[in-house]
Amino acid sequence: MAGDINRVTLVGRLTRDPELRHLPSGVPVLQLGVAVNGRQKDDGDNWVDKPNFFDVKVFGNQAEMLSNHLAKGRRIGVDGRLDWSSWEAQDGSKRSKVEVVANTIQFLDSRQDTEGGGGQREHVPAGDVAADRSDFGPSGTDDDIPF
């Protein structure tokens, strides 16, 4: 029997400026909010946009690097996995949430595109990945990604 698969690919826009924090161990964590539009029919059989919102986390050295390049409104591609966590709130109630832990982040516009300019795509590995981008070819990009 084949192993389980936990993989998520999203393309959307950042809903807020990223928040960079550090775990008690010192590992950087970047928290992102991503909105992805879907289409669905309303009660009148008209197609309407339906936004879906996702929380995304990036760990390690790439979290710090990405925090300097990402801002609200920027269009990105995210490839990662789902991670479920639960905790007890201060009022004693049980809470849980599902987040995306990013393996890679791809810029789908430049910072100027959020202001109406043009730009090129850049692929950035995320998570606990070494700063050396030699795995992604001499330019540090991966043009085979479909988004």
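How many aromatic pairs does a search of the whole structure find? The search finds zero, counting Phe, Tyr and Trp rings (six-membered ring for Trp) with centres within 6.5 Å. This is a predicted model: local features need pLDDT of at least 70, side-chain atom pairs count only at pLDDT 80 or more, and totals for chains, interfaces and linings use all residues. Residues are numbered from 1 along each chain as its sequence is written, and side-chain values use heavy atoms, without hydrogens and water.

**View 1. Strand β5 and its partners.** β5 covers residues 75-88; strands are DSSP runs of E, at least two residues, numbered from the N terminus. β5 pairs with β1 (residues 8-14) in the antiparallel sense over six bridges; pairing requires at least two DSSP bridges. L10 has V78 in β5 as its bridge partner. β5 also pairs with β6 (residues 94-107), antiparallel, over 13 bridges. Here S85 is bridged to K97 in β6.

**View 2. The β5-β6 hairpin turn.** Five residues lie between β5 and β6. G92, in the turn, has a positive phi of about 90 degrees.

**View 3. D45 in its loop.** D45 sits between β3 (28-41) and β4 (47-59). Its phi is positive, about 60 degrees, although D45 is not a glycine. Most residues other than glycine have a negative phi. D45 counts as exposed because its relative accessible area is 55%, and exposed means over 50% (1.4 Å probe, protein chains only).

**View 4. R74 over F107.** R74 lies over the ring face of F107, at 4.2 Å from the ring centre. The criterion for Arg is CZ within 6 Å of the ring centre and within 35 degrees of the ring normal.

Definitions and conventions:
Helix = DSSP H or I, 4+ residues; strand = E, 2+ residues; numbered from the N terminus. Phe/Tyr/Trp six-rings, centres within 6.5 Å; stacked < 30°, edge-to-face > 60°. Buried < 20%, exposed > 50% of the residue type's maximum accessible area, 1.4 Å probe, protein only.
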